[in-house]
Each structure stands twice: as structure tokens, then as C-alpha cells.
Amino acid sequence: MGLLEQPGPAENSGMHVTTEKGEFVLSKQEKYERRQSELFGELVESAVELSRELSAEADEEVTPSDIVVVTEQAHDLLQKLENHSGISPREAADRIGMNLYATQGILYELYFFDLLDRAVTSEGEIYDLTARGRRLLDQPAQTTVKDANRTWNMITSKDRSEPSFEE
């Protein structure tokens, strides 16, 4: 599925409409960074896919904008940052025991989904929890990314066969 599609019935009408994925990309354009372009695309794809899976379980449509986290590592780091503010990528890396490069990608995911704010200071990037991040942390603890999104979107699960964070 692309960002644009041609509405019928004439294939060559020259008219295009933005797809759900295209609308999501437009809503996230301020989060786009050249250095994270590949990860940006992966996060878009993951959010679209997860929203479709959850929509199949829900009474109402779940859109990519309703998704709050797509990786176990991001969910784990968010929980470890709960009582901290003004944290640097190096401090976050130390907290989760990962290399700095991988941690920067995880921080970018949390920033992409509006769970962290980022400020650039003379000493580098600094991250703080957003109100959305705080609300996610205030939800009951979940064991999978899908369950965290189910709880956020108030979906009762029909299938709990996905692997947990602990696996």
C-alpha cells in the first residue's frame, strides 16, 4: 500500500487521494529526520500493520495514529525513564545496557510516537516524558507491545498468542 492511490473508475483520471498510510506520514512529517529516514519508514509500516491487526479485534477502527509503541525495547526504555527527566542518549543507553547507536533509535521511536519530547542543547539531545508518555505509563503493566496498544485503545483481546516481552 502506497501513500497515494487513484480512485476509480477511470485509472488514468489523473486524480489521486492520500491513503491511510499517506495521512499518517503527513501527520508525522515534523518527526522526519534524514539520519533516521529508514527507521521512520519502518515505524510507519509497523504502525499501519499493527493498527490493522487491532482493528480486526476492535469494534471501532484503530488508526496508525492510535498506536503508541511498536517495539519491546521502546516499551522497556519508557518504563525505565518513568521517574527521570532531562535524560541524554548516553544516560538512556547506560540505563538499558545497550550501545548508544541502538539507544538513539529506540529514543527516536518514543519521540516518533509522541511519548518523549526532545530538546537540543549545547550539550546534546535531552529527552523528557510527554503527557502521552506519562498516560501510557499510568496504564496497567502489559507484557507485549500489542497488549500495551490494546490497553491504550481500550480493546479487549481475543487472541493472546503473541510472545511476551520476557521471551
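Tutor: A residue counts as buried when its relative accessible area is under 20%, as exposed when that area is over 50%, and as partly exposed in between. Please keep in mind, as we apply this, that the model before us is predicted.

Student: Where is E125, and is it buried or exposed?

Tutor: E125 belongs to strand 4, and it is buried, because its relative accessible area of 15% is under the 20% cut-off. Leaving out residues up to four places away in sequence, E125 touches R35, I87, S88, P89, R118, A119 and V120. Sequence separation and spatial separation should be read side by side here: E125 and G86 are 39 residues apart in sequence, while their C-alpha atoms are 9.0 Å apart in space.

Student: Which residues of the largest nonpolar core touch the most other members?

Tutor: That core has 38 residues, and those touching the most other members are I67, L77, L78, F112, F113 and L116. Two or more core residues come from each of helix 2, helix 3, helix 4, helix 5, strand 4, helix 6 and helix 7, and helix 2 provides the largest share, with eight residues. To follow one member in detail, L116 contacts L78, L81, L107, L110, Y111, Y127, D128, L129 and T130, when neighbours within four places in sequence are left aside.

Student: At what angle do helix 2 and helix 7 pack, and how are such pairs described?

Tutor: Two packed helices are described by the angle between their axes and by the distance between those axes. For helix 2 and helix 7 the angle is about 60° and the axes are 11 Å apart, so the two helices are oblique to each other. Their crossing is right-handed, and the contact is formed by L50, E53, L54 and E57 from helix 2 together with V145, K146, N149 and R150 from helix 7. Sorted by class, this contact contains three nonpolar residues, one polar residue and four charged residues.

Student: Which residues make the contact between helix 2 and helix 5, and into what classes do they divide?

Tutor: Let us take the geometry before the residues. The axes of helix 2 and helix 5 come within 11 Å and cross at roughly 50°, which makes helix 2 oblique to helix 5, and the crossing is right-handed. Helix 2 contributes L39, F40, L43 and V44, and helix 5 contributes G105, Y108, E109 and F112. The residues of this contact divide into six nonpolar, one polar and one charged.

Student: What is the orientation of helix 3 relative to helix 4?

Tutor: The axes of helix 3 and helix 4 cross at roughly 100° and come within 10 Å, so these helices are roughly perpendicular, a term that covers angles from 65 to 115 degrees. The contact brings together D76, L77 and K80 of helix 3 with A92, R95 and I96 of helix 4, and by class it has three nonpolar residues, no polar residue and three charged residues.

Student: Where do D114 and M154 lie, and what are their phi values?

Tutor: D114 lies in the loop between helix 5 and strand 3 and has a positive phi of about 65°, although it is not a glycine. M154, likewise a residue other than glycine, has a positive phi near 55°, and it lies in the segment after helix 7.

Student: Which accessibility class does each of them have?

Tutor: With a relative accessible area of 28%, D114 is partly exposed, whereas M154, at 76%, is exposed because its value is over the 50% cut-off.

Definitions and conventions. Residues numbered from 1 in each chain as written. Predicted model: local features only at pLDDT ≥ 70, side-chain atom pairs only at ≥ 80, totals over all residues. Heavy atoms only, no water. Core = buried A, V, L, I, M, F, W, Y, C linked by side-chain atoms within 4.5 Å. Buried < 20%, exposed > 50% of the residue type's maximum accessible area, 1.4 Å probe, protein only. Helix = DSSP H or I, 4+ residues; strand = E, 2+ residues; numbered from the N terminus. Contact = heavy atoms within 4.5 Å. Axes fitted to C-alpha atoms, helices over the stretch in contact; angles between N-to-C directions. Parallel < 35°, antiparallel > 145°, perpendicular 65-115°, else oblique. Left-handed = near helix turned anticlockwise from the far one by under 90°. Nonpolar A, V, L, I, M, F, W, Y, C, P; charged D, E, K, R; others polar.
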